[in-house]
Amino acid sequence: MTKVVEVVAVAPSSKLLPTQTLLPLTFFDTLWLRLPPVERVFFYELPHPTQHFFDEVLPKLKESLAIVLGYFYPLAGHLTWPVDSNKPIIKYNTGDTVSLTVAESDAHFNHLAGTDLCEATEIRHLVPQLTVSNELANVLSLQVTLFPDSGFSIGITSHHAVLDGKTSTSFIKSWAYLCNRLGESPCSLPPELRPFYDRDVIKDPNGFDAKYASDWLKEGGPNNKSLKVWDLQVPEGAIRGVFHLSRKNIEMLKKLVLAKQKTKVKLHLSTLVVSLAYSSLCKVKAEGIKDKKIELALNIDCRSRLEPPIPPTYFGNCVGARFASMETGELLGEDGLFIAVEAISAALETLKDGVLSGAESWSSKLHDGLGTGVKIIGAAGSPWFEVYSSDFGWGRPKKVEMTSIDRTGAYCLSDTRDGDGIEIGFVSSKGGMEAFSSLFAKGLEY
């Protein structure tokens with residue numbers, strides 16, 4: 001059971017803020033307009049009495065949140081779609097705030113923050129709601145939950161049309177950075193953490209923005225400017241698990257792939273590719289997917305790949321897509337791991353044609369899928385976000401969960417707490433999870 005202690009409206013703290021800012025969406029943002037919010041929960045150990053949390057920890061979190069919002073002030077604003085505009089905008093006015101819920105939970109901290117399998121619903125009470133209506137959508141919502149004498153969690157829910165994973169984790173890291181430096185003068189962010197807001201760096205000569213906006217207007221339309229997000233439900237009985245591929249495991253999987261290579265086809269045998277291939281293979285086998293073809297949707301950070309490249313601290317979405325296509329029958333055969341690596345490698349090879357190659361079809365694939373007989377598998381997150389580096393002053397997270405994959409059916413890749421390898425978050429039915437756990441472990445027994 002979770003008890004709400006207070007709900008605080010936190011305003012950005014800065015004397016340099018504009019009185020009003022209108023930040024237009026780019027086609028990278030518009031693509032995700034009505035997708036469900038992205039949710040993460042960070043668990044931190046804190047074996048201290050409850051009063052220590054309320055006297056020492058919570059005031060620091062609140063104070064540093066106000067300061068970091070001074071840099072990330074659009075997060076306190078709203079997403080809206082003006083009647084006279086052909087696309088949505090982010091609007092910030094002086095006085096806008098971010099909702100911070102403070103709660104207490106009597107759930108077992110070490111169970112939720114450990115390696116146990118658990119029901120997906122067990123963690124939902126740690127995730128704040130994002131207020132979204134047809135006309136207006138909040139951008140960010142936060143929740144800090146105390147587990148007395150054990151630890152606390154920070155839940156973040158962000159609007160997908162405003163933040164991609166890189167921007168969201170950059171915000172958390174910046175908040176943690178400032179929380180560690182309260183009392184310093186000045187208490188400020190270094191250049192490498194300060195968000196970059198110039199939208200003019202995103203060029204759209206091919207009219208992707210108009211195409212993506214038109215696709216949304218047609219959904220429930222014509223001219224449907226609703227901001228209501230897709231209401232995807234958590235499947236009943238869904239089970240959540242976290243799995244680990246160590247560096248040793250990954251090197252072993254690379255050797256298995258090379259042993260199956262019969263031609264000189266170029267393979268991208270990176271840690272990320274091998275982890276994606278192995279996780280996808282286990283998912284397809286565990287869930288008994290019957291579709292003739294599998295399309296693995298790959299998220300590509302475009303910041304360094306655009307011409308010219310844009311700053312790594314660019315605020316907003318800047319994610320492209322590639323689709324790795326595999327015949328299900330081949331994937332389930334004895335060369336399945338090699339087939340998956342080969343397909344992912346082939347998809348990544350197309351980046352040489354430009355990161356926006358194929359962008360004209362991204363929206364159509366999102367809305368219409370890829371046709372009958374094709375199963376799309378999504379992979380969320382990235383180990384390069386380094387979510388486990390977010391230390392607010394009480395140590396690195398014990399565990400980081402992306403709870404939004406409960407609804408989307410994607411699996412999540414991240415770094416690990418100890419820096420060894422890759423962590424994979426997976427949600428499935430009880431039977432699917434039991435099969436995945438068994439296949440995942442068995443495939444590493446070499």
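How does the radius of gyration of the protein chain, with 446 residues, sit beside that of a compact globule?

**Figure 1. The whole protein chain.** This is a predicted model, in which local features need pLDDT of at least 70, side-chain atom pairs count only at pLDDT 80 or more, and totals for chains, interfaces and linings use all residues. Residues are numbered from 1 along each chain as its sequence is written, and side-chain values use heavy atoms, with hydrogens and water left out. The protein chain has a radius of gyration of 22 Å, which agrees with the value near 22 Å for a compact globule of 446 residues. That radius is taken over C-alpha atoms, and the globule rule is 2.2 Å times the number of residues to the power 0.38. The C-alpha trace spans about 65 × 55 × 40 Å along its principal axes. The chain holds 12 helices and 17 strands. Both are DSSP runs numbered from the N terminus: helices are H or I with at least four residues, strands are E with at least two.

**Figure 2. The second largest pocket.** This pocket holds about 400 Å³ of space. Its lining has 18 residues, and Leu281, Lys285, Glu334, Leu337 and Tyr446 are the closest to its centre. The largest share, 4 residues, comes from α7. By class, the lining has 10 nonpolar, 3 polar and 5 charged residues. (On a 1 Å grid over the protein atoms alone, a pocket is an open set of points with protein on both sides within 12 Å along at least five of seven lines; a cavity is a set where a 1.4 Å probe fits but cannot get out; lining residues have an atom within 4 Å of a point.) Points are joined across faces, edges and corners, and a volume is the space filled by probe spheres set on them. Ala, Val, Leu, Ile, Met, Phe, Trp, Tyr, Cys and Pro count as nonpolar, Asp, Glu, Lys and Arg as charged, and the others, Gly among them, as polar.

**Figure 3. Helix α6 against α9.** The two helices pack at an angle of about 90°, and their axes are 9 Å apart. That makes α6 roughly perpendicular to α9. Leu253, Leu256, Val257 and Lys260 of α6 make the contact with Leu337, Phe338 and Val341 of α9. This contact has 6 nonpolar, no polar and 1 charged residues. (Axes are lines fitted to C-alpha atoms, for helices over the stretch in contact, and angles run from 0 to 180 degrees between N-to-C directions; under 35 degrees is roughly parallel, over 145 roughly antiparallel, 65 to 115 roughly perpendicular and the rest oblique; contact means heavy atoms within 4.5 Å.)

**Figure 4. Helix α6 against α7.** Here the angle is about 80°, with the axes 10 Å apart. The helices α6 and α7 are therefore roughly perpendicular to each other. Ile250, Leu253 and Lys254 in α6 meet Thr271, Val274, Ser275 and Tyr278 in α7. By class, the contact divides into 4 nonpolar, 2 polar and 1 charged.

**Figure 5. The largest cavity.** The structure holds 1 cavity of 30 Å³ or more. The largest cavity has a volume of about 90 Å³. Its lining has 13 residues, with Val400, Met402, Cys412, Ser414 and Glu423 nearest the centre. At least two lining residues come from each of β11 (239-245), β15 (399-401), β16 (411-414) and β17 (422-428). Strand β17 gives the most, 3 residues. The lining divides into 7 nonpolar, 2 polar and 4 charged residues.

Figure 6. Most residues other than glycine have a negative phi, and most peptide bonds are trans. The bond from Gly221 to Pro222 is cis, with omega near 20°. Pro222 lies in the loop between α5 (208-218) and β11. The bond from Glu307 to Pro308 is also cis, with omega near -5°. Pro308 is in the loop between β12 (293-301) and β13 (319-327). Asp149 is not a glycine, yet its phi is positive, near 65°. Asp149 sits in the loop between β9 (140-147) and β10 (151-158).
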